Amino acid sequence: MYIDVVFNPCEFQSRDPRGKSIAVIDVLRATTSIMYAFWGYRDNFSAELLGCEKIIPVETIEEAIELSHSYANGEAVLTGERFCLKPKEFDIGNSPNTYTPELLSGKTIVYTTTNGTRALQQARQGIFVTTSAFVNATKSAEVLFEKKNDVIILCAGRSNKTTIEDSLCAGLMVSLLVGICASNNIEYKISDSADIAMSYYQNNKEDIKGLLLKSEAGQNLLEVGLEADIEDCTKVDYLPFATKFEDGVLTLIE
Ligand code: MLT
């Protein structure tokens with residue numbers, strides 16, 4: 001298994017995604033919020049899933065509004081952000097703690113965010129596409145291993161730039177995949193960027209929250225009073241579920 005990391009969407013052009021599994025990471029907050037949306041945000045963990053049924057990520061606000069209108073009243077929930085905040089026409093923003101069972105249970109989410117949903121569209125060139133974050137890292141690595149394809153971990157970044165939080169989580173994903181391959185006697189090779197990401201994670205794993213707080217995205221969330229979101233995004237393996245992105249729709253893998 002060849003494990004590669006793409007630190008930002010610009011770099012993706014230099015890779016050949018055909019036949020590969022692609023894991024999209026946008027820790028603050030898209031790929032984290034996606035997991036909370038499927039779970040249905042509650043105070044205490046219980047494996048019972050009370051969240052949405054599926055998520056349709058789209059790139060623009062206009063597309064999202066138009067698509068949501070094609071659903072019967074109350075069937076779809078329009079969610080996402082621009083500049084960290086809920087666009088005025090939307091039902092909810094992108095804070096994990098707003099993805100509650102009361103608002104989402106059994107519904108379809110039409111979703112657009114600044115960077116995360118764009119990266120997902122890029123990833124569609126892969127043979128299998130999933131979403132990863134600290135909250136579901138181990139489960140996500142297990143699913144990637146089971147697929148047996150070479151892996152590209154695609155960081156959504158910010159405005160095509162590399163970010164602390166996605167690089168750190170990419171490093172965790174590489175560490176987990178390497179560990180799973182080794183314990184199953186499966187040969188693996190990692191790219192230089194995967195090696196860099198893994199070292200970055202290994203050197204900083206005791207202070208994930210501190211790094212997220214100092215990241216540019218973290219600073220932006222603090223400025224608009226969303227510090228609680230950072231805490232929700234740092235909970236490693238809190239939500240042991242994995243997603244698949246097929247035909248433009250995100251669902252949970254059973
Ligand atoms: C993104 O897609 O850029 C992020 O999810 C931004 C955010 O949640 O504020």
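Colleague: Ignoring neighbours within four places in sequence, what is I153 in contact with?

Modeller: I153 is in contact with V5, V6, A23, I25, A170, M173 and V174. Contact means that C-beta atoms, placed from the backbone, lie within 7 Å. Keep in mind that this is a predicted model: local features need pLDDT of at least 70, side-chain atom pairs count only at pLDDT 80 or more, and totals for chains, interfaces and linings use all residues. Residues are numbered from 1 along each chain as its sequence is written.

Colleague: Which residues touch the most other members of the largest nonpolar core?

Modeller: V24, I25, I153, L154, C169, M173 and V174, out of 76 residues in that core. Helix α6 (residues 164-183) gives the largest share of this core, nine residues. A nonpolar core here is a set of buried Ala, Val, Leu, Ile, Met, Phe, Trp, Tyr and Cys residues joined through C-beta atoms within 7 Å. Buried means 20 or more other C-beta atoms within 10 Å of a residue's own, exposed means 12 or fewer, and partly exposed is in between; C-beta atoms are placed from the backbone.

Colleague: Back to I153. Which residue is its bridge partner?

Modeller: A23 pairs with I153 of β7. Strands β2 (residues 21-25) and β7 (residues 151-155) run parallel over five bridges. Strands pair if DSSP finds at least two bridges between them. Helices (H or I, at least four residues) and strands (E, at least two) are DSSP runs, numbered from the N terminus.

Colleague: What's the strand order in the open sheet?

Modeller: β6-β2-β7-β1-β8, five strands with parallel pairing. β6 (128-132) and β8 (189-190) stand at the edges with a single partner strand each, so one side of each has no neighbour in the sheet.

Colleague: Which strands does helix α5 lie across?

Modeller: Helix α5 (residues 137-147) lies across β2, β6 and β7, at about 165 degrees to β6. Axes are lines fitted to C-alpha atoms, for helices over the stretch in contact, and angles run from 0 to 180 degrees between N-to-C directions.

Colleague: New topic. Which residues are around the ligand?

Modeller: D26, R29, A30, E81, C84, N94, T113, T114, N115 and G116. Each has its C-beta atom, placed from the backbone, within 6 Å of the ligand.

Colleague: Where is the cis peptide bond?

Modeller: Between L28 and R29, with omega about 5 degrees. R29 is in the loop between β2 and α1 (30-39).

Colleague: And S159, buried or exposed?

Modeller: S159 is exposed, with 11 other C-beta atoms within 10 Å. Its phi is positive, about 50 degrees, though S159 is not a glycine.

Definitions and conventions. Contact = placed C-beta atoms within 7 Å.
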